[in-house]
Each structure stands twice: as structure tokens, then as C-alpha cells.
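Biologist: I would like to learn how to read a structure, one feature at a time. Could you take me through this one?

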Amino acid sequence: MRQWNAGDCPAMPWKNGGGVTTELAVAPDGASLDNFDWRISSALVSASGPFSHFAGIDRSLAILQGGTLNLSVDGSEGLALAAGSDPFCFRGEQQVYASVAQGAVTDFNVMTRRSRYSHSLLRLAGDTAYVVKRRHALVLVYCVQGRADIRCADSALQLRQGDMLMLDRRDEADSLQLQCGISDIFYVIHLAKQE
């Protein structure tokens, strides 16, 4: 089990040069935008523009905070993402144009190379105790807002805003318990390796 904070993660330019993103996790370690197996990142989107093209990549996008991101996908209009919306899943080959409304937004982005990994992205919120099971190779938990007490096997720790936790196959435990308060928000990412 590994824990780290977004403040310790590197910032890098978008593939299309239109902004900057914070890379929260990537595999293999040190992989570039051209050869990663999977990648998790967050970015501040303050201006309208096209998404970067990522052939062979499946993507999930969620809004962490800020206004609304209006998306045009392959020329069709009408998809609006805001904090609390379900994640938007799409393929990196699709033509996506984002229009920023009501101020800048901070997004959360999960990408997997289709031939190597698949993923799911789930939002957890509210005054509830969750049991997060590692269904596949990896499960990661990201604290968007607030804090939570985490129990995993005999270990106890706390996740605060910007913290990320990863449970992989080297860990004996295959699940963790997460206790949320009413204003706490988390995202859980499951990553499955393609056989």
C-alpha cells in the first residue's frame, strides 16, 4: 500500500500545448505521454479548446471543482460536466472540444492503453462507510475534498485533500474500509490488466 499527495507530483504541459496538468500516477514509472500503460492526472482548465488526441487510449473525465465544462464530442453538442456529474467515458481518438462556462474548472482524468489495461472510475461522497474491494490488479483512492479514516488489514491511516492511496497485488489485503463525512468526496479507480 502506498500513499502520496498531489502537491508532490510533477506538473507537465498538455500533449496539445494548451495547458498544464499534474500527473498523479503513471505506469510504468517515468513513462511519457506516448508510452504509458495507464495514467491518472488533474488539470486546471481555464480556457476553451480541443482535447489532445490519444490513439488507442480509453479515457474517463470528472470535474473536481469550479464551473461547468461543456463538451462537443465528434461534432455533437450538449454534454455538460460539473462537480458531482457522473464521469464521462470516451475514446482518445474522438474529437472532443471543451467550452469553459462560469469560470475555470479542475478536472480529474484517468487514461488506460486499450491493449494493456481497462479501468473504471467511481465517485464516493456522503456520510457513509464504504468497503472498497480490489477487483483487479490495482485500486487507487483519491481524496478530492475533506478527509477519511482508512483501515486496511491491520493498518490505519488518514487521507486528506489531495492524497492518493494505491493498493496493488503485492498487498496481502484485497479491500479497505473508508469512513466518509457528509462533505467528503473521493474517487476510486479500478485498473485491470488485459490478459
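**Reading a strand, a sheet and some side chains**

Modeller: Start with strand β15. Of its 6 residues, 6 are buried, so β15 is largely enclosed by the rest of the structure. One caution before we go on: this is a predicted model.

Biologist: Which way do the residues of β15 point?

Modeller: They split into two groups. D163, L165 and L167 point one way, while M164, M166 and D168 point the other way. All of them are buried.

Biologist: What are the mean pLDDT of the chain and the share of residues that reach 70 or more?

Modeller: pLDDT is the predictor's confidence in each residue, from 0 to 100. Here the chain has a mean of 89, and 98% of its residues reach 70 or more.

Biologist: Where in the chain is confidence lowest, and where is it highest?

Modeller: Strand β2 (residues 11-13) has the lowest confidence, with a mean of 82. Strand β8 (residues 88-91) has the highest, at 96.

Biologist: Back to β15. What is the order of the strands in its sheet?

Modeller: Read across the sheet, strand by strand. The order is β1-β15-β12-β17-β10, which makes 5 strands in an open sheet with antiparallel pairing. The edges are β1 (2-5) and β10 (117-125), and each of these pairs on one side only. On average, neighbouring strands of this sheet are turned by 20 degrees against each other, direction ignored.

Biologist: How many bridges join β15 to β12, and how many join β15 to β1?

Modeller: Take one side at a time. β12 (residues 138-145) and β15 (residues 163-168) pair over 5 bridges, in the antiparallel sense. β1 and β15 are also antiparallel, over 4 bridges.

Biologist: Which residues of β15 stand opposite Y142 and R2?

Modeller: Y142 stands opposite M164. R2 has M166 as its bridge partner. Now look at L138, which lies in β12. The C-alpha atoms of L138 and D168 are separated by 4.6 Å, although these residues are 30 apart along the chain. L138 counts as buried, at 9% relative accessibility.

Biologist: Are F108 and Y187 buried or exposed?

Modeller: Check the relative accessible area. Buried means under 20%. F108 has 0%, so it is buried. Y187 has 1%, so it is buried as well.

Biologist: Which residues form an aromatic cluster?

Modeller: F51, F88 and F90 form one cluster.

Biologist: Which charged ends sit over the rings of W4 and F36?

Modeller: Look for a charged end above a ring. R2 has its charged end over the ring of W4, 4.0 Å from the centre. The charged end of R113 sits over the ring of F36, 5.1 Å from the centre.

Biologist: With which side chain does the side chain of T112 make a polar contact?

Modeller: The partner is the side chain of H119, at 2.8 Å. T112 lies in strand β9. T112 is buried, with a relative accessible area of 0%.

Biologist: Now the backbone. Which peptide bond is cis?

Modeller: Read omega. The bond from A27 to P28 is cis, with omega near -5 degrees. P28 is in the loop between β3 (20-27) and β4 (38-45).

Biologist: Which residue has a positive phi although it is not a glycine?

Modeller: That is D74, with a phi of about 50 degrees. D74 is found in the loop between β6 (57-73) and β7 (76-81). Its relative accessible area is 48%, so D74 is partly exposed.

Key
Residues are numbered from 1 along each chain as its sequence is written. This is a predicted model: local features need pLDDT of at least 70, side-chain atom pairs count only at pLDDT 80 or more; totals for chains, interfaces and linings use all residues. Side-chain values use heavy atoms; hydrogens and water are left out. Helices (H or I, at least four residues) and strands (E, at least two) are DSSP runs, numbered from the N terminus. Two strands pair if DSSP finds at least two bridges between them. Axes are lines fitted to C-alpha atoms, for helices over the stretch in contact, and angles run from 0 to 180 degrees between N-to-C directions. Buried means under 20% relative accessible area, exposed over 50%, partly exposed in between (1.4 Å probe, protein chains only). Rings of Phe, Tyr and Trp (its six-membered ring) pair if their centres lie within 6.5 Å; planes under 30 degrees apart count as stacked, over 60 as edge-to-face and the rest as tilted. A charge sits over a ring if NZ of Lys or CZ of Arg is within 6 Å of the ring centre and within 35 degrees of the ring normal. A polar contact is a pair of N or O atoms within 3.5 Å; within protein, one must be able to donate a hydrogen and the other to accept it, and residues adjacent in sequence count only if both atoms are side-chain atoms.
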